[in-house]
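Take a look at the model below. We start with a pair of helices and then turn to the ligand.

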Amino acid sequence: MKKVKVSAPGKLMLFGEHAVIYDRPCIVTAVNHRISTEVEILDKEKIIINAPEVKINNYQKEISDLSSDSDLSKGVRFVETAIRNFFNKYKVSSGLKIQTKSEFSSQFGFGSSSAVTVGTLKALSILLDIRMSKRDLFDLAYKTVLDVQGVGSGFDIAAGIWGGTLYFVTGGKEITPLKSKELPLVVGYTGIKAETAPLVRQVAQLRESNPESINEIFDLIEKITNNAVDLFKKDKLDFGKLGELMNINQGLLDSLGVNTIELSRLIYAARNSGAFGAKLSGAGGGDCMIALALGKQKDEVERSIKKSGGKIISIKNNTQGVRKENINESNR
Ligand code: MEV
């Protein structure tokens, strides 16, 4: 039976988290930790999913029973909802066997749900011969994420599709690739898994009780993000200035209440050992921080992050978006 394998990258937020939920921009970069999704056409009216990294083995569902609103594990919900949305939009249907494989732990906020959603939809478009532009893919993947988790700006989906480093505004109102090379980033993991949705709700509550101040903080985050974009447009990226902007962004995130002592420890360790700048990356509440550092300084920064209890996650950034890995047809 016809089978295709695609892969999509994870992401790291560089600037603008949380504010990007409220019609502000962010900057996101795709990372080389990828999730592959292999989809095979079946000749029975069934969906079979295997996603070992989220402990899904031989999960089966009749096509007529596809849904988003069950309390299934995350891995299955995104894949299942993506398939349902694809079938509904393009008025097609087929039995399918899906196998996902991740190069990174779903513990990290690298965007495994968005990468698997993008991968599933891209694979379906290839298998079922439906032309989808990047924008079509974004719209359907974003709808899928909102159907499943209710909140999210869609920046992670854009990174999964376009790759590289992007300027992104809420819901994909603007998606512009930035001229960028790989950034000399160090990623430190606090060891604390953090869920995005509760942190987004927490910031929403803070905004409800302090609308003016919080909106002004979002305005400042927008300014910082736009200042960073200006730096990316220059022929030579000024790391000193970019680091300074990261530090300011971190202060603003702290004022939104999403920083933690563990993140702070790693961020100060990085700054004190010579990083140009350091901040949390993503929703906060734990998870990862990033620091900008070059050459010998980078080794120093890594050492002191480890000494402060962090785990270094080695990544490349500014990497390729979703891509076909292979396709084959057989008559089994
Ligand atoms: C989470 O990585 C970043 C947030 O801005 C959520 C989102 O944009 O979907 C907190």
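Is the crossing of α3 and α4 left-handed or right-handed? The crossing is right-handed: the near helix is turned clockwise from the far one by less than a right angle. This is a predicted model, where local features need pLDDT of at least 70, side-chain atom pairs count only at pLDDT 80 or more, and totals for chains, interfaces and linings use all residues. Residues are numbered from 1 along each chain as its sequence is written, and side-chain values use heavy atoms, without hydrogens and water.

Helix α3 spans residues 134-149 and helix α4 residues 155-162. Their axes (lines fitted to C-alpha atoms over the stretch in contact) lie 10 Å apart, at an angle of about 145°. From α3, residues including L137, F138 and Y142 meet I157, A158, I161 and W162 of α4; contact means heavy atoms within 4.5 Å.

Now the ligand. Among the residues around it are K11, E17, H18, S153 and F155. A backbone N or O atom of H18 lies 2.9 Å from a ligand oxygen. A side-chain N or O atom of S153 is 2.6 Å from a ligand oxygen.

Terms used: Near = heavy atom within 4 Å. Polar contact = N/O pair within 3.5 Å; in protein donor to acceptor, adjacent residues only side chain to side chain. Axes fitted to C-alpha atoms, helices over the stretch in contact; angles between N-to-C directions. Helix = DSSP H or I, 4+ residues; strand = E, 2+ residues; numbered from the N terminus.
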